[in-house]
Amino acid sequence: QVQLVESGGGLVQPGGSLRLSCAASGSIFSINAMGWYRQAPGNQRELVATITSGGTTNYADSVKGRFTISRDNAKNTVYLQMNNLKPEDTAVYYCNVAARSYSSIGLKPYWGQGTQVTVSS
């Protein structure tokens, strides 16, 4: 199995910055795409950003120019640098990876437990 541990959430004022981290561990054979999703109260979970194993990135229109996703393949870790945060960015942020493990067959999605980001003055 693959476990994901997220960190870096918290309370920040509008215009501020936060950096989220998500480290994958366990019986990992390989990791393909990694990404971040978020879910605000009363809303469906939505894509924030993804990054392929080759480094190709994709962003939701609402965060383009403000958020940057990156990964460290040696550490099996994905990051989300969030700048110029807005109140509408308030949500629980979830890490997601597509990985193959030694204990199961095929490529499977794995989710972190979520980390709260609150943007408020």
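Author: Two strands pair if DSSP finds at least two bridges between them, and the strands (E, at least two residues) are DSSP runs numbered from the N terminus. This is a predicted model: local features need pLDDT of at least 70 and side-chain atom pairs pLDDT 80 or more, while totals for chains, interfaces and linings use all residues. Residues are numbered from 1 along each chain as its sequence is written, and side-chain values use heavy atoms, without hydrogens or water.

Reader: How many bridges join β1 to β3?

Author: Six, and β1 and β3 run antiparallel.

Reader: What does Leu-80 touch?

Author: With contact taken as heavy atoms within 4.5 Å, and residues up to four places away in sequence left out, the neighbours of Leu-80 include Leu-18, Leu-20, Trp-36, Val-48, Phe-67, Ile-69 and Tyr-93. Arg-19 and Thr-68 are also among them.

Reader: On to charges. How many salt bridges does the structure hold?

Author: Four, each being a side-chain nitrogen of Lys or Arg within 4 Å of a carboxyl oxygen of Asp or Glu. One of them joins Arg-38 and Asp-89 at 3.0 Å, N to O. Arg-38 sits in strand β4 and Asp-89 in the loop between β8 and β9, so this pair ties together parts 51 residues apart in sequence. Arg-38 is buried at 6% relative accessible area, and Asp-89 is buried at 0%.

Reader: What else does Asp-89 meet in a salt bridge?

Author: Arg-66, at 2.7 Å from N to O. Together with Glu-46, the residues Arg-38, Arg-66 and Asp-89 are linked in a salt-bridge network. Another salt bridge, at 3.1 Å, joins Asp-61 and Lys-64; Asp-61 is exposed, at 63%.

Reader: Last, how many aromatic pairs are there?

Author: Rings of Phe, Tyr and Trp (its six-membered ring) pair if their centres lie within 6.5 Å; planes under 30 degrees apart are stacked, over 60 edge-to-face and the rest tilted. The count is two. Phe-29 and Tyr-102 have ring centres 5.4 Å apart and planes at 85°, so they are edge-to-face. Phe-29 belongs to strand β4 and Tyr-102 to the loop between β9 and β10 (108-111), so parts 73 residues apart are tied together. Both Phe-29 and Tyr-102 are exposed. The rings of Tyr-37 and Trp-111 have centres 5.1 Å apart and planes at 65°, so this pair is also edge-to-face. Tyr-37 in β4 and Trp-111 in β10 are 74 residues apart, and Trp-111 is partly exposed at 40%.

How values were computed. Helices (H or I, at least four residues) and strands (E, at least two) are DSSP runs, numbered from the N terminus. Buried means under 20% relative accessible area, exposed over 50%, partly exposed in between (1.4 Å probe, protein chains only).
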